[in-house]
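Colleague: I am new to this model and would like to know what stands behind the words used for it. Please set each value against its definition.

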Amino acid sequence: MFAAIDWQAAFFWLFALISCGFALAVLFTPNIVHMASYLIVSLGAVAGLFFLAGAEFVGAMQLMLYVGGTLVLLVFGVMLTSRSNFIRMKTGGGEWILTLFVGGALLLLLLRTAFLVDGWRIPLGQASPPADASTTTRIGLALSGVRLDGGNGYLLPFVIISMHLLVVLIGAAYLARAKRSADGGQPVDRNLMR
Amino acid sequence: MAEFFDTSLHLPTWLACLLAALVHCGLILSLVGTGAAVFIWMERKVAGRIQDRLGPTRTGGRFGWLQSPADGLKLLTKEDLVPGSADAMLFRVAPYVSFTASFTPFLALPFADGWVAQHLHTGVFFVLAVLSLEVFGVILAGYASGSKWSLFGAMRESAQVVSYEVPLKLCVVIPVLLCGTLDLIAIGNMQAGWMSNWLVFHDPFTFLAFWIYFTCGVASVNRAPFDLAEAESELVAGFHTEYSGLRWGFFFMAEYGSMFLVSCLCSVLFLGGWHGPIPLFDLLGWSYGQEETVFRLTGYLANLAGCVNLILKGVLGVTVMIWVRWTLPRLRIDQVMTTCLKYCVPLAAICFVGVLSWQLLGLRGPNDLIPVAPRGVAGVREGWVRKAEAAERQAQGERTAAAGRRVAARSEKVGG
Amino acid sequence: MEPSALPWLLGLATLLPLASFFFLLLFGPRLGKAFGHGAHIATGAIVAAGVLSFVALLVWLGHHFPGGGEHPAAELGRVTSGEQDPAHAATAGLSEPGSRAVGGAGEAGSAASNSPAGHMHRPPVYYAGDYYTLGVFGRLRLSIGYYIDSLTICMFCLVTLIASCIHFYSLGYMHDEQHEVTDQEVTLRDGSHLKRRGRPAVFFQYMSLFCFSMLGLVLAGNIAMVFVFWELVGICSYFLIGFYIERRSACHAANKAFIVNRIGDFGMMIGLMVLWCGLGTFAFGDVQRADAGGTKRLEQGIFSLVRSGADHSLRVPDGLVRLSARDEVARIVRGLGPQASAEQVEQAIAAQVETWRNGGPDGQGPRFGYGLLVLAGIGIFCGCVGKSAQFPLHVWLPDAMEGPTPVSALVHSATMVAAGVYLVGRFFPVFTPEVLLVIALVGCITLFMAATIAITATDIKRVLAYSTVSQLGYMMLALGVGGWVAGLLHLVTHAFFKSLLFLCSGSVIHAVHTNEMTEMGGLRKKMPITALTMLVGCLAIAGISIPFVIGFSGYYSKDRILEQACSFMLYEGNRSFVASLLFYAAAGGAMITAFYMFRLWYLTFAGKPRNPHRYEHAHESPLVMTVPLVVLAVFATGVAWQPFGGQSRLSNLSVVGLLEQSRPLGTLADAASPALGMTWPNEHFAHAPEQHEAIVKPVTWLATLTAWAGIGLATVIYCLGYIQAAEVRRQFEALYQFLLHKWWFDELYDVLFVRPTHAVARWAAAVDRHWIDGLIDGLARWTSGLAAIWDRMADQWLVDGSVNRFASGVYGVGVWLRRVQTGRLRQYVMFVAIGALAVFVFISFFWGSSWAG
Amino acid sequence: MTPCFGQITVAHYLAVGAVLFVAGIACMMTKRNALGVLMGVELVLNGANVNFVAFGSDYLRPQSLGLDGHLMALFVIVLAAAEAAVALAIVLNFYNSRASIDVDRADHLKG
């Protein structure tokens, strides 16, 4: 194990800066495609944070699902935002100020809370993490209802969330289906080919 | 490697790690970059042969083997054009995204037992996740070009890739299921032994799943007959219409890199990875044991041979892709989607259920017919669970020592 | 089959039409042609009931052959006094429920052989009991009981036979009802005729219910049941008369029939109450019943209670005596004082009962209880007057001809009106001589009046209706002068020939679609079977015969009536104007009967067609209608015959023989009425050989001659045309008008009852409208005024005001808050963020940072 | 060493999560493009996820949530995917009816 502590800190700062920076970039970019790109970078950096925190499976999931999901967002952004009028979807300066004020207050509050609790500020110290820290097998077993460390199994939530996903998929497909117009057989939505 | 730098050369740890990382990156880049160049040359030659031509013959001697470096040189010297209506930043970034996405997975791809840049427990997952980012670059390129052709190509690409990821991942889950791990090294090692132990021959369903995987792999890297994103007969050149020079080259490097990656992943998952059809080094006893960590020359040789083995298998896969490209006509977009959603997805699902049933019923595969099977697949998953349990207990023990009473009580409960 | 099966046979026969009724009620409208729209169900039910009735008749004959008593007890002569026989009183008519009755024949007291007729009389054999006891309320026992004697069985056979014929006939007659009907007699406001859906199922449903009611009435074993079925018969009659409900006349007729019957029923209820108060029982016959202790106890029925005198002579029951003499009873109780025990009081009263009954020791005082008995008899007769359309209440029957003709035949000739006569016959033992005289007088008036009205009627069914009234008068007369068998025999024979006549008239109406005889004529060529059977009916009702040899059924019954009337007239001490009137009116009525019946026949069938159009379209009725006519004609001819002559046992096998079996107790004795100074001769008085020359022969010849005279007159006027009817009419214009207007009875009633009632009603309505309504309206106005003030003060200002103010306040707040709902998503998000911030700040104020440490 | 720049602790992760969260919220508040709002939602969920993972990490704290944190993060990811699918379908419908994805124009229900 060659990842020294300061290296971990360095990488943490790297990923944290990337993710926070690009999140703010998402916030301040008017172009939707740029937003999506920045978002992907930001989320990728968050995945890096996950890896750093030892949650490699969650990190991989983050990469796979969020990046995939954002990809689709990107596609939709391209599809649904015509180039000529996205410029006009501008937010007024007053709203920006208000947003920044509220957001800043919230951020300050959250940051203060994060560093307020002593238990959260005490580092792990010299206690080294477990040698074989693979979480994948344990997560897999937990999802199939087996917890080796004595916690609760997650079989039922897993099944429920599977059903949830299925229902959502069907529902989304139904919502987004091409509606046929009364006169012709062609779907109304031809944006895909524009 | 990092240990080597750290302990043998007495470098600072950070420098050792950096050096090790650089070495790994260099190796992979050179390997894949060279590979890409070779593949481009090979593609031309194979295409020529299939079309009853000779292909490149002039540059660099008889076989035209300097054709690819020459092309590279030409591309390097070209002007870096950005169209006026393009989104300049994204237009510039897009090729790198693609390139990065196709090369990064090699970090987690083992070339032999332990020969991996970064050993990840979720190797399969990582490879697939990063590989799926490649399409991101394509879409960015298509969008940023500010051209209709490019946008069309990008849209087609996204639709196709997103769709084909479903059957592809379903097929990938099958070896994962059989082996009980996402660790590529473990998956490869479980296929040691005779050729019959390769997962592709495990049962009829894995055999079918292999072919589906390969088909979907071809589609997910946008190779013919699924290369609708480029579709030069319709879209000029698809998403990279507006690109030229080095950036265009990056796209091609990315494409061939992904082809190679998909083929290598296919080898590791289905075709025994770095293990040859005959377990020569196992029989010789040269191979490293399961828990063996000390360096041995014989073990090194065995791994080297395994690395060559895997690369050969990858090249074989790429060759098949090239062959297919110049043999089959391009599909229409609706045919592409039909192939995916109406054939590949159901078949993959059937394979998944079939493999599951095969395992549950305890049916025998070809490997069971061979009396001498050094390290079989059967019962591996249970073994892994036991191993994980043991690891967990160990971890629990350490945690008990470190942490308070609450965790200790929990540990006792597990022990009881 | 044992006689114990009789109740079940007859009960089943009664219930079958009920089942048919319910079936048709529930499923009738849905039955298709396969069931004749329900007609086949009803017909099947009544035919099955008929079969059961005849089986019952055979069972009866098998066990109680008429006249074949092994203990011939000579009928008592004119015994009006003498020792009563307690033993007999206790055992006469003793019966256990459903078991064989014990005819107390052997104990018929002093078997005096001074009966000139030599007929044997035994106390009637009957079976009485209860199917089911509905409940016992103190002394009052309500039960579904039966009382079966030969009269019951006779009536069952009669009713089911005629009803079966009429059902079959109805299949043809009511055929039009199976599809849409155009009622020519109902004109709508736009001048068109009413079109309606046919309702065959409804018709047969009512017919079934009627049959059930009539059979139940006959079977009933107590007065309560009789009353129930009596009313059921009435309501069925109401339904059936009003079958053509769309016709105003049918509506009125149905209402009239029902209301007039209610008047009679009111009297009947009084009679029933008197009987129940005095006797404490509803049952007719004696029933042996095991009480709670298991000991069998004989419960005496009305008949044996009333006829407890010597040789079943009429004797006022103790209960009535006590009821009447309650002042005396009270005096006795007071005299004994409060120390006396109940037994002592009872003994003291019982000792006095005989004295009270006989009018004191010397017989000169008031005869307690006798008046109540007379009242009971008259009350019951009132009901019969209503149902049998006797003199004051006869007005409904002719109007009831508005119903379909089969209904007229079934309800208003053969069965329902016969119910009144039947009831008089059934209650005959209860009637005192005074009541009998009333009955006879009413019958006499009715018969003469109705016969005269029938002369001028031109509606074919009205003629028959008045003829029915007249014949019912004959029956009442016969019963009133003591001719029990004569009256009931006439009931039987009349049922057959009158239903025959009605069905024939129905056949004619079916053919020519009119009731007016002036539109008919010469129809015998078109409809020979109808003409022939109707001729048979006319001959039967006229009582044509070869004297002493053979005759139509009417001959036998009418002869008996006249004989009884004659013997009543000739009986010593009876020679008075009233008695003579009874006889001569009957004899004259016989002539008029023959006259109007043949007038009817000639006008209908003989001569030349008066309306060629109708004549052209006339046709003989289908087989399903003519076959019942023929069957009924056969019965109308021969129902009263004695098929086997001589002295053999079989000689008693006739309707008369059967009826003799159930002759009520004590009616073969002469009954004297000191108060009236008259004596009712027993029915066999005239048949004594010594009376043959004096009574039988002259009466027979007289009857024959009057009949022939009537026929001759009719022939002369209406067939041969020697005398013009119109001239006669002119000659006796006043009389004609009098008869044509039915003796102005309707007008009389209109003036006497209807108009005063209307006047009273108007007055009451005026009082209601002006005084009561005014009062209430004033109250209401006052209240509403008060309420309006209250409304303004409290409700509008206080309640509504506050609510409205609150509501408008809420509305204002809502309008103000509505501005928050900008519909802008991002603003909502901002609200959420600010809210979260606020919550955080809020929490941090209270908990600080210690909570997570 | 100040607490902020020493060894990495849970608090640091929480800070990153807070920044992501606030950025997401601000995104939702300012973006008129429906897809921008969706991205804001994604950011918010990610901020939450960072917290989960941080609390569940064995590297950061002795008393960690352990596997539960990972699993919660997983579920959040999956549910976010589901939410994104439905939201995109709704956006598509909105676009089909209004030819725009400006959320400010989705104000039919305004009071």
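Colleague: What makes you call helix 4 of chain C mostly covered?

Modeller: Of the 24 residues in helix 4 of chain C, 23 are buried. A residue is buried if 20 or more other C-beta atoms, placed from the backbone, lie within 10 Å of its own, exposed if 12 or fewer do, and partly exposed in between. The model is predicted, and local features need pLDDT of at least 70, side-chain atom pairs count only at pLDDT 80 or more, while totals for chains, interfaces and linings use all residues. Residues are numbered from 1 along each chain as its sequence is written, and chains are lettered from A and ligands numbered from 1 in the order in which they are written.

Colleague: Which residues of helix 13 of chain B are buried?

Modeller: Among them are B:Gly299, B:Ala302, B:Asn303, B:Gly306, B:Leu310 and B:Ile322.

Colleague: Why are helix 9 and helix 11 of chain B called roughly antiparallel?

Modeller: Their angle is about 165 degrees, with axes 10 Å apart. Axes are lines fitted to C-alpha atoms, for helices over the stretch in contact, and angles run from 0 to 180 degrees between N-to-C directions. Under 35 degrees is roughly parallel, over 145 roughly antiparallel, 65 to 115 roughly perpendicular, and the rest oblique. Helix 9 and helix 11 of chain B are therefore roughly antiparallel.

Colleague: What residues make that contact?

Modeller: Helix 9 of chain B brings B:Phe210, B:Tyr213, B:Phe214 and B:Gly217, and helix 11 of chain B brings B:Val262, B:Cys266 and B:Phe270. They divide into six nonpolar, one polar and no charged. Ala, Val, Leu, Ile, Met, Phe, Trp, Tyr, Cys and Pro count as nonpolar, Asp, Glu, Lys and Arg as charged, and the others, Gly among them, as polar.

Colleague: What makes helix 11 of chain B oblique to helix 13 of chain B?

Modeller: Their axes come within 8 Å and cross at roughly 120 degrees, which makes the pair oblique. The contact includes B:Cys266 and B:Ser267 of helix 11 of chain B, and B:Lys313 and B:Gly314 of helix 13 of chain B. It divides into seven nonpolar, four polar and one charged.

Colleague: How many residues of chain A and chain D are in contact?

Modeller: In contact means that C-beta atoms, placed from the backbone, lie within 7 Å. By that rule 77 residues of chain A meet 67 of chain D. Helix 3 of chain A gives the largest share of the chain A side, 13 residues. That side divides into 57 nonpolar, 15 polar and five charged.

Colleague: What pattern does chain D follow along its sequence?

Modeller: The pattern is α-α-α, with three helices and zero strands. Buried residues make up 67% of the 111 residues in chain D.

Notes:
Helix = DSSP H or I, 4+ residues; strand = E, 2+ residues; numbered from the N terminus. Contact = placed C-beta atoms within 7 Å.
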